[in-house]
Amino acid sequence: MILGNLEKQNGKIYDFLQFCLTRLGDVMAFNSLVQEKILDFEQMGIPEVFNRDLQLLPIQKPARNNLAQVIVGTRRCGKTYRLFQEMRDVIAMGYKHETMLYFNFEDERLKPYSSELLGDVLDTFFAMHPAAREEGCFLFFDEIQEVPDWSLFLRRVIDSIKATVYVTGSSSKMLSAELASEFRGRSLSRELFPLSFSEFVRWTKGMRLVSSNGFSSAEAAVLRNALSDYLLRGGYMAALTLPAVDGMMLMQEYAYRTVAMDVIERYNLRTPQVAMSFLSRCLASSARELSVNKVANEFKSRGVSTSRETLANLLTYYEEAYLVFSLGDLSRALADNPRSSSKVYTVDPGMFAAFSRAASKEEGQRLETAVFNKLRRIAPMARMGSLARLVFEHEGASHEVDFVMGDALLGDVFRLVQVSVDLVNPKTRKREVSALDAAMEKYGIDEATIVTMDTEETVATEVGSIHVVPAWKWLLD
């Protein structure tokens with residue numbers, strides 16, 4: 001009635017009120033969606049989970065100025081379930097379910113994301129559970145990097161609310177000092193990857209083994225068999241529940257979805273086909289050197305318009321999304337752009353197998369990818385230069401060591417790791433041993449490692465000892 005009279009009296013006022021009512025309806029619908037998502041989780045309960053080996057801080061009692069814990073990693077590697085694992089530990093300590101807020105921002109109904117969304121989520125939760133504001137709460141925010149100004153919001157929460165905060169995201173930009181400078185000193189970050197070999201054995205075989213304890217012949221046989229499966233199928237848990245071919249198809253979907261969301265959409269790329277094609281090339285090149293210039297020329301010869309700069313940027317975006325990692329030479333590890341001659345590695349040996357044309361025949365690449373991934377896990381947040389390859393001259397001969405750990409800035413090396421399927425061929429044996437022996441002498445190290453499929457021995461040299469270790473033992477944590 002009122003609107004009808006206003007329409008007759010003043011069309012502009014009527015239009016304005018109609019707009020306000022429409023906007024109010026949109027806001028109410030949006031808040032209803034937020035409430036629905038919170039209720040869905042509370043009614044679903046915390047799922048049973050496979051406990052991952054990634055260690056977080058001991059559970060902090062909710063308080064102002066608690067350190068937020070940030071978990072980053074590729075999509076579908078298990079970050080959400082690591083949060084569920086933490087929630088179960090919180091409940092086991094005696095806290096009530098009503099003190100916990102879980103919210104997953106990877107939901108197309110929330111788009112376009114606005115910076116107000118985070119405040120709406122928190123306000124809705126406190127309206128539903130007023131005691132949580134006074135008594136303290138546990139906040140679990142999944143894929144929060146989707147929302148603008150997330151780090152500013154978290155700083156305000158940490159400074160002003162009695163809470164313990166957990167955050168996940170699928171971009172290494174969440175570790176960037178430039179992005180999160182206002183968040184610096186208020187969080188600790190961890191990287192999560194698909195299952196390690198130790199986790200794979202525990203999940204598929206029900207065995208928790210530590211290499212230092214020694215193995216029975218039966219355990220060694222199980223581990224040898226498990227290694228072959230792991231190198232071909234990898235550590236994406238959902239893919240492991242499917243037949244091998246279907247599992248590979250699922251991993252392909254993971255990769256393409258990640259590029260669609262974290263590369264094409266995030267950076268508003270106008271050449272999505274190039275992004276998808278180059279991704280396939282990178283993933284299929286794991287443990288091999290990748291020349292951006294060469295790939296650009298190949299694309300152009302097939303009539304695909306692109307440039308070296310475009311492909312170099314794409315490789316950076318793939319790394320941000322934890323799909324592919326590039327490994328430069330130690331002498332250039334701190335260079336601005338070492339990628340023109342870097343080796344690349346996929347985040348998981350199964351992901352490489354899913355994109356390789358002949359994965360079953362490329363055992364060496366799969367083994368080297370698995371070794372890289374273990375070293376990548378233990379490198380401190382992959383601090384620049386802490387993990388590299390080594391190509392050098394020594395006494396007139398050229399040598400290459402697959403992996404060195406150390407400090408590129410200081411030119412210091414403390415760990416040398418070579419990878420070879422076996423050492424049966426005398427030329428292969430001489431090449432691998434000679435490279436390590438020369439590197440040991442160059443950097444003053446008296447021990448090094450060669451990881452093989454099944455060989456175990458110690459090779460004594462004038463410089464020190466080279467331990468030849470089977471991967472089924474070396475990959476265990």
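Which helix gives the largest share of the lining of the largest cavity? The model examined here is predicted: local features need pLDDT of at least 70, side-chain atom pairs count only at pLDDT 80 or more, and totals for chains, interfaces and linings use all residues. Residues are numbered from 1 along each chain as its sequence is written, and side-chain values use heavy atoms, with hydrogens and water left out.

The answer is helix α15 (residues 363-378), with 3 residues; helices here are DSSP runs of H or I with at least four residues, strands are runs of E with at least two, and both are numbered from the N terminus. The lining is made up of Ser196, Phe197, Tyr230, Ala370, Lys374, Arg377, Leu475 and Asp477. By class, 4 of these residues are nonpolar, 1 is polar and 3 are charged (nonpolar: Ala, Val, Leu, Ile, Met, Phe, Trp, Tyr, Cys and Pro; charged: Asp, Glu, Lys and Arg; polar: the others, Gly among them).

This cavity holds about 50 Å³ of space, and the structure has 4 cavities of 30 Å³ or more. A cavity is a set of points on a 1 Å grid over the protein atoms alone where a 1.4 Å probe fits but cannot get out, and lining residues have an atom within 4 Å of a point. Points are joined across faces, edges and corners, and the volume is the space filled by probe spheres set on them.

The second largest cavity, of about 40 Å³, has a lining of 8 nonpolar, 2 polar and no charged residues. Elements α6 (150-160) and β4 (163-169) each give two or more residues to this lining, which includes Val157 and Val165.

Conventions:
1 Å grid on protein atoms, 1.4 Å probe; cavity = no way out; pocket = protein on both sides within 12 Å on 5 of 7 lines; lining within 4 Å.
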